Amino acid sequence: MEEDESILNLLSQSNDSKGILGIAFDLKEAGNSLLKKGQLEDALEKYGYAMAILAHYQFEEESDKLEFLKLAICTLMNSVLYFSKKKEFVEVGKIYSIVLEFDPYNGKAMYRRAMAALELDKRD
């Protein structure tokens, strides 16, 4: 855990925003590969690392900010599949609500959050 924090601190001080985005993208892709193999916990761990890296870095350029947002939303949308498969619908709803904070017109997030609410018998 301490080692992870040290790595995140080093990355947050980097001047290579494209490199940071590349690392996070590669972790997301590794998570996708693991998810396809049914290795849910390992996939969630990769998505978590990708999100931690993105959360610790301050992107300055507008193009990097847009890429960050796209990557963060995609990573969140993929990570929620873990909770869906585990039938943890409260978590599913929370994550889709976060996605909708950043992308309020994301139809997939709206639909899946509504489906999670139905699973919880919450019709509001």
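**Figure 1. Helix α5 crosses helix α6 in a left-handed manner.** A crossing is left-handed if the near helix is turned anticlockwise from the far one by less than a right angle, and right-handed if clockwise. This is a predicted model, in which local features need pLDDT of at least 70, side-chain atom pairs count only at pLDDT 80 or more, and totals for chains, interfaces and linings use all residues. Residues are numbered from 1 along each chain as its sequence is written, and side-chain values use heavy atoms, with hydrogens and water left out. Helices (H or I, at least four residues) and strands (E, at least two) are DSSP runs, numbered from the N terminus. Two packed helices are described by the angle between their axes and the distance between the axes. For α5 and α6 (residues 107–119), the angle is about 155 degrees and the axes lie 9 Å apart. Axes are lines fitted to C-alpha atoms, for helices over the stretch in contact, with angles from 0 to 180 degrees between N-to-C directions. The pair α5 and α6 is therefore roughly antiparallel (over 145 degrees; under 35 is roughly parallel, 65 to 115 roughly perpendicular and the rest oblique). On the α5 side the contact (heavy atoms within 4.5 Å) is made by Phe89, Val92, Gly93, Tyr96, Ser97, Val99 and Leu100. The α6 side supplies Ala109, Met110, Arg112, Arg113, Ala116 and Glu119. By class, the residues of the contact of α5 with α6 are 8 nonpolar, 2 polar and 3 charged. Ala, Val, Leu, Ile, Met, Phe, Trp, Tyr, Cys and Pro count as nonpolar, Asp, Glu, Lys and Arg as charged, and the others, Gly among them, as polar.

**Figure 2. Helices α4 (residues 62–85) and α5 (residues 89–102) have axes that come within 9 Å.** The two axes cross at roughly 170 degrees, so α4 is roughly antiparallel to α5. The crossing of α4 past α5 is left-handed. From α4, Leu69, Ile73, Leu76, Met77, Val80, Phe83 and Ser84 take part in the contact. They meet Phe89, Glu91, Val92, Ile95, Tyr96, Ile98, Val99 and Phe102 of α5. The residues of the contact of α4 with α5 comprise 13 nonpolar, 1 polar and 1 charged.

**Figure 3. Helices α3 and α4 cross at roughly 155 degrees.** Their axes come within 10 Å, and the angle makes α3 roughly antiparallel to α4. The passage of α3 across α4 is left-handed. Residues of α3 in the contact are Leu40, Glu41, Leu44, Tyr47, Ala50, Met51 and Leu54. The α4 residues include Phe68, Leu71, Ala72, Thr75, Leu76 and Asn78. The residues of the contact of α3 with α4 divide into 12 nonpolar, 3 polar and 2 charged.

**Figure 4. Asn32 lies in helix α2 (residues 17–36).** Its relative accessibility is 16%, so Asn32 counts as buried (under 20% relative accessible area; exposed is over 50% and partly exposed in between, with a 1.4 Å probe and protein chains only). The side chain of Asn32 makes a polar contact of 2.5 Å with that of Tyr47. Another polar contact, of 2.8 Å, links the side chains of Asn32 and Asn78. A polar contact is a pair of N or O atoms within 3.5 Å; within protein, one must be able to donate a hydrogen and the other to accept it, and residues adjacent in sequence count only if both atoms are side-chain atoms. With residues up to four places away in sequence not counted, Asn32 touches Tyr47 and Asn78.

**Figure 5. Thr75 sits in helix α4.** Thr75 counts as buried because its relative accessibility is 0%. Its side chain reaches the backbone oxygen of Leu71 at 2.8 Å. Apart from neighbours within four places in sequence, Thr75 is in contact with Lys28, Tyr47, Ala50 and Met51.

**Figure 6. Lys87 and Asp121 have positive phi values.** Lys87, in the loop between α4 and α5, has a phi of about 60 degrees although it is not a glycine. With a relative accessible area of 62%, Lys87 is exposed. Asp121, in the segment after α6, is also not a glycine and has a phi near 60 degrees. Asp121 counts as exposed, at 55% relative accessibility.
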